[in-house]
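Please examine the sequence and the structure before working through the solutions.

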Amino acid sequence: MITNASARKAYYSGDYEEAYTSFFGEKLSDSDQILFERSAIIMKLVHKYQFFGYYKEIGMNTEALDQLLQAVENYEPWLMVAELTGATDEFKKEYGKIVSALDAYFGITEERAKAIIALESDLEYSLMVESVANGTEYIDPNTPLQEPFTPPMDEEEPVYEDMLDEEGY
């Protein structure tokens, strides 16, 4: 029971990860089960925000933005679970960090994020995320290139050699 008491303390102090891991695998009372479920749903957003930070720190802006967009994409279904478990306020607080990061680091609103998520194909989504993350122009893959298009002729075709030893038996 000491573990469950420390897990409760962690939850109420906002350390949802500690609460979740302390409750995980334990025999829980009904009230502890609710705290466990609350921690689990809040941690979904916390992890997206953490991974955003990790990717941003190592310069992987495209992947960082993708983590935030995944959080936006899953917000509604996850919010329903948060509402069922009574974690709405804490969940919305964590979501606020996601929306703030979108604006602060990439200059996009929640509505713009939803528009990116709604792009028709994975290719369009990937190109748009890369464009926003790196501050480059978005090139729509569905729009034909303007005529006349001629590929650059000044570069020689690279010669590729098999650098690996032959496969042995």
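D32 is buried, at a relative accessible area of 1% (buried means under 20%, exposed over 50%, partly exposed in between, with a 1.4 Å probe and protein chains only). The model is a predicted one, in which local features need pLDDT of at least 70 and side-chain atom pairs count only at pLDDT 80 or more, while totals for chains, interfaces and linings use all residues. Residues are numbered from 1 along each chain as its sequence is written, and side-chain values use heavy atoms, with hydrogens and water left out.

**Exercise 1.** Describe the salt bridges of E94 and E110.

*Solution.* Step one: the structure holds three salt bridges. Step two: E94 meets K97 at 3.4 Å, N to O; both lie in helix α5 (residues 88–106), three residues apart, or about one turn of the helix. E94 is buried at 10% relative accessibility, whereas K97 is partly exposed at 36%. Step three: E110 meets K114 at 3.7 Å, N to O. Because these two residues are four apart in helix α6 (residues 110–117), about one helical turn separates E110 from K114. K114 is partly exposed, with a relative accessible area of 40%.

**Exercise 2.** Determine how helices α3 and α4 are oriented to each other and characterise their contact by residue class.

*Solution.* Step one: the axes of α3 (residues 30–57) and α4 (residues 61–85) come within 8 Å and cross at roughly 170° (axes are lines fitted to C-alpha atoms over the stretch in contact, with angles from 0 to 180 degrees between N-to-C directions). Step two: α3 and α4 are therefore roughly antiparallel, the term for angles over 145 degrees. Step three: the contact (heavy atoms within 4.5 Å) includes I34, L45 and F52 of α3 and L68, W78 and V81 of α4. Step four: by class, this contact has twelve nonpolar, four polar and six charged residues (Ala, Val, Leu, Ile, Met, Phe, Trp, Tyr, Cys and Pro count as nonpolar, Asp, Glu, Lys and Arg as charged, and the others, Gly among them, as polar).

Definitions and conventions:
Parallel < 35°, antiparallel > 145°, perpendicular 65-115°, else oblique. Salt bridge = Lys/Arg side-chain N within 4 Å of Asp/Glu carboxyl O.
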